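This report describes one protein structure, part by part. The sequence and the model come first, and the description follows.

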Amino acid sequence: MDDMDAMQLFRAQCNPQSEAEAKWLEGLFHFVREYVWPINSGPAPCSQTADEGVSHLSATVLKRIRGKMSSTHTLPISYRLVCVSELLSHQRLACVSNLSWSTSQERALAEEAAVALPGRRALPRAHLLLIGHLTHGRDGEWTLTDASGNVGCKVVSPSPLWMGRLVFLPHWHYIPHDAHLQAQPEARGYVELIGSPVLLCPGPAQGLAAGAVAVKEAAALMHDRVQGLRLSIYGKVASVCPLLVISGTSFFFFMLSDETHTLPVLVKNSSRLWWAQCVSVGECVCVTALRVCVLRPWGGKNILCATEHSEMHKTQRCAPGEDAPSTMPLLPPSPSSEMLQPEECEVQSNDRTKQSKIISYQGTVTEVVSTGAGLYVMDSKLGLCLAYQPKLKRKLRAGDVLAIHHVHFLYRPCPDFPPSILCTCLRSTVTVAKFSAVLGSDPDRNCPDDGVLRRLLVERNLDVSRYMWTCHLCSQFQRSLLPNASQQCTCVLSWKVMEVAFGQGHRHRRDIYAEMLDEPHTCPLTQYDGDLVQHQYVSLSELQESLQEDCWASLCLRSLLPPAGVGLTRPQMDAALAWSCRTLTSDSRRKLQPEETLRQRPLLLVGVLELPSSASQHTLQLRDRTGTIACVITQTTEKAAGGHGTSFNTAWIGCLICVQQFTMVTERFIQSNFPSYQHLDQHKYITYKQCSVYLQFSEDSIHILSPSAAMEMHLRNKGEDSGEEEEEKEDVARKQSQKDKDEDTKSSRPSSSCVSVVLQVEQKNGVIWRENEQASFSVTATVIGPVAAWGQDPKNRPMKAFETGNEKKVTLAKPLGFTQSALCACVQVTVLCSGASARWFPLLQPGRFYRLVATGTHDVAVLAGNATLLVQSGWKFHTLTRPLLVPVCQRSVCPATSTVSQVLDGCADVVSFQGFVSDRINLNDSTRDTGQSNVGARLTVCDQSGRSIHVFLNLNHNAYPLGMLPGNTLLLSAFRRRVSRSGHVYCSNIPVSWVAVLRVRDESRWEGEDRPPPPIMHLALWTQQSRTVGRVKGHVVCFLFMQLQWNCFECGSVYKQSGCSGQCPSPSAVFDCTAKLVMEDGTGEAHVHFTGALVRQVLGLNHPQWEGLQRAVKARGHIQVYPRGRSQACDDGLLDFLLLCAAAVKSLFLTCRIENQAKEEVKSLRSTKSNFLTKMAPPLKLTCLQIH
């Protein structure tokens, strides 16, 4: 029978009702003959020809197709049979094919999927049919094969009877490969079976094998290993471990159990690896031809191993006449957090460790957090971590229903994920109970699909809390830090940051066999850190926005005023409100304060250190993709431990760094017009407000993630470990050396040529604004040697002999040339930086050596022969930390920095000193525009002796320096020393003055709750100690002075009942009071000054008495009392009342601040016979801060 006769016979048997059905039947016959019959291995009668076999098989296929249709009297002419090769090459979009669906069912299911997963679209329907053999491929993967090829086939709980059978697939999904994985040849589409396949050929029935034994009996037989013994065992599947590939060998374990025993079965035969998808937890199976073998990695214990003759059968009963035992119930999709709350176990260390719980769970994947990292969200409230298992061969999609057995439940392991987390180990079983019916999300950009983080997890055996934190950090870096970098680079960077934040640690090696087989079960997830302090990474733009928002949201104007703020006049109130600062620290060791709403976790920043973006700022800045923020950075000096300086190496520029411990500063500038103290809660009287946000931290708190080329050279020269292994460092050094040689050979390129000269900075002037609104500054420097020409930028390489002028014969191999006579050593020059080059201001410090490099030229004349060097925008400075070749005669000595006491006692006109800022107020010029309110400030600077000096800064023509905060230690350079009319010494800035921060304040010393009380001081010994605040106990000798006065709120004049004495129309007045008394404690005396509410407390008056006293004083305007210890009586009732109150004060316990003490004075003492001249120390001056 020829082909035409066979096809006509087939058509006649099917009786088509139309020409369309006839053509469809012809297509079915040709498809079976071309793609199905060549691979058919089923039995056929010996007398049947090939054409008859094709016709018979086509009829069988048609019968099965009709059996799956909702209407059996018609043919599915809208469906088309498609071969595997055509499906893979032409079907570019994911689709679903379901032969039994009607149009209404399709629409209803699409709406249901949209409701279950908002924002997702259901898979589009395709009218395609698939026929082929179910076979197994590499590592047990199920495949559908026809004559044109094969395609991966994902199945839900398949039966072993399906393997090797010819099947028709009426219900399936097709998922093409990801577009971004086209370069990977193994990235192919696959088919998902959403229903059981239809077998086209009958197969043998299966059940319990003859001679099969139960698990308990097999356990007894395993003790005596008999050579050649093969066992057939039936039992319930207790667990199925994931398939592992180690050293090229693929294998997996599953456990058979009964009521008392559990036996592990090892499957590593390549022809039986497909069992991994057939074995389901809780099912009863019978496995034949198992041999007993020894597993050496598991302590030499006996296990059962499948052979090439082994077969597996699923049974309804675990033994004849015995029902299958119940399995561990799956928890509902929303388990109670209280029901799953992990237990806490106390360990020997001080840390508290939580114990995870083992549960089984079934739920729906609602979000794919990161496929590469193995992180998902189930049922919109439960996290899922699959990182401790091998990567799934099928990507999970939103909408997949998972059944997970023996999974660890963890509560709050990472604050960046849902509080309840399911985490799988090598003992866990993850199966897909239902495939998702919606399209997948966009390609994962949080972590690469090759699993960089998972590989690092396996290598380092990291705990789950740190791993999840690292994954979250990786996704944030991809968006805010390195948008154009490869995903692998982002993963490695996030891992480095994790090691910086938590340390590398030392964890035990992971024993995979014990994890899968041991009882009781132990794995890295059994215990976890429940109280691990995890940093929170924020982008710089997010940090700035949060600080600026909280700056004004947390503003309470009354808190900015002193305790006696109600008695301030308008000028005093405006001055107190004009400037304020708010500081928050990221240090995890510090206790959070209730008002700190910005964060609940320690913060962590990552960015690139750069020069200021504009010349108006003279501090370095930290930059990421989202923005920049100014940084005040201090450096620990090498001379003395704990010492601090302002020098900062230029090699830091361009380094990618991580900062953990830093202080966030928000300076607020306000101009206001409040009519009275009672109106402070009405912000409409604020006429202008501005805030400045920046960071403060020390160089010691910086961790280098990716060094710049100059930093690599600096670390190599310094001989310190740069974070790489010795082999890696040698490789980097070798590559850098080769790179240097290659670049030196390109000396003919003018763009890479440059000239340089080595300078030592002696004096630096401050940044000033020119008439053309350009910032500029200058430094006075000593030229160390001649100008040298280079083929490339020498950066911060160690100084060469020819750069000092000490080498008489110079080899021109390294530099292009140099001149020894162009610029003689020990010559002073003025280096002027203006415009864009003024950005170098924060890095140039007196006493340091720098290499000034003029790029883009090989003409040494640009740096030689001039007393003034004008730095161009493209020129660079490089810090030299090893100027060993500089002769001693060529090293200039910078003037020493004075202390506050030396400035007070000295007589120099221009001074440079350092001190601790104890107080600051803004000095605003009311005649200027509101847009320029920061025109001046008054700092109170003190030293360790407690002596203080006022420093006035006029910033009309100078750049505003950051970091002038109470508590910071400042270096004030080139300030004018002045003496007031009253004889007090103060300082003011001049155009060349500049301010630098030497040390940021210790926040722990400024915390209200944690700060210890000041020590109790003896009056006679207080001046010999460095304490500025202390507590004193003593007796009151007498009152020296007392004044109570009503002042006009507007002008400050005396205000009487009738009105202001200064003819001011203001209707408001404020009450002011001061008092001074003599106090002694047995060691010495002191004059103590009281103001505001402290006067009421020292007089012992209650609030009604104090209010009555204020009303009595208002009738007069003011009253002054000078008791001086004398008992006086007068007719004035008010005066007499004050005298009685003063006389009643006997002893006090105070907290006071010591003021500057005057020098000893020469006084004349008279006696009856002669006069004496003697030096007498002035009395100790104290200001009361608190009465105990």
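## Helix α8 and its neighbours

The buried residues of helix α8 pack against α9 (464-480) and α10. They are Val 452, Leu 453, Arg 454, Leu 456 and Leu 457; buried means under 20% relative accessible area, exposed over 50%, and partly exposed in between, using a 1.4 Å probe and protein chains only. Helices (H or I, at least four residues) and strands (E, at least two) are DSSP runs, numbered from the N terminus. The model is predicted: local features need pLDDT of at least 70, side-chain atom pairs count only at pLDDT 80 or more, and totals for chains, interfaces and linings use all residues. Residues are numbered from 1 along each chain as its sequence is written, and side-chain values use heavy atoms, with hydrogens and water left out.

Two packed helices are described by the angle between their axes and the distance between the axes. For α8 (residues 452-460) and α10 (residues 487-502), the angle is about 40° and the axes are 9 Å apart. Therefore α8 is oblique to α10. Axes are lines fitted to C-alpha atoms, for helices over the stretch in contact, and angles run from 0 to 180 degrees between N-to-C directions. Angles under 35 degrees count as roughly parallel, over 145 as roughly antiparallel, 65 to 115 as roughly perpendicular, and the rest as oblique.

## The contact between α8 and α10

On the α8 side, the contact is made by Val 452, Leu 453, Leu 456, Leu 457 and Arg 460. They meet Gln 488, Cys 491, Val 492, Ser 494, Trp 495 and Glu 499 of α10. Contact means heavy atoms within 4.5 Å. By class, seven of the residues in this contact are nonpolar, two are polar and two are charged. In this scheme Ala, Val, Leu, Ile, Met, Phe, Trp, Tyr, Cys and Pro count as nonpolar, Asp, Glu, Lys and Arg as charged, and the others, Gly among them, as polar.

Just after α8, Asn 461 takes a positive phi of about 55°.

## Aromatic rings

The structure holds 18 aromatic pairs. Rings of Phe, Tyr and Trp (its six-membered ring) pair if their centres lie within 6.5 Å; planes under 30 degrees apart count as stacked, over 60 as edge-to-face and the rest as tilted. One of the pairs is the stacked pair of Phe 251 and Tyr 513, with 6.3 Å from centre to centre and 5° between the planes. This pair links distant parts of the chain, since Phe 251 is in strand β13 (residues 249-257), Tyr 513 is in helix α11 (residues 512-517), and the two are 262 residues apart. Both Phe 251 and Tyr 513 are buried.

Elsewhere, ring pairs join Trp 142, Trp 274 and Trp 275 into a cluster. Charged side chains also lie over rings: Arg 558 is over the face of Tyr 677, at 5.2 Å from the ring centre, and Lys 1114 is over the face of Trp 1046, at 4.8 Å from the ring centre. A charge sits over a ring if NZ of Lys or CZ of Arg is within 6 Å of the ring centre and within 35 degrees of the ring normal.

## Residues in loops

Lys 684 is in the loop between β36 (663-672) and β37 (686-698). Its relative accessibility is 65%, so Lys 684 counts as exposed. Lys 684 and Ser 672 are 12 residues apart in sequence and 8.9 Å apart in space, C-alpha to C-alpha.

Val 862 is in the loop between β45 (849-855) and β46 (868-871). At 31% relative accessibility, Val 862 counts as partly exposed. Leaving aside neighbours within four places in sequence, Val 862 is in contact with Val 755, Ala 854, Thr 857, Leu 869 and Trp 875. Val 755 is 107 residues from Val 862 in sequence and 8.3 Å from Val 862 in space, C-alpha to C-alpha.

## Backbone details

The peptide bond from Glu 519 to Pro 520 is cis, with omega near 0°. Pro 520 is in the loop between α11 and β28 (527-529).

Asp 139 is not a glycine, yet its phi is positive, near 55°. Asp 139 lies in the loop between β3 (128-136) and β4 (142-146), and is partly exposed at 21% relative accessibility. Ser 157 also has a positive phi, of about 50°. Ser 157 lies in the loop between β5 (149-154) and β6 (166-169), and is partly exposed with a relative accessible area of 39%.

## The chain as a whole

The protein chain has 21 helices and 60 strands. Of its 1188 residues, 50% count as buried. Among contacts in the protein chain with a separation of 6 or more, 71% are between residues 24 or more positions apart.
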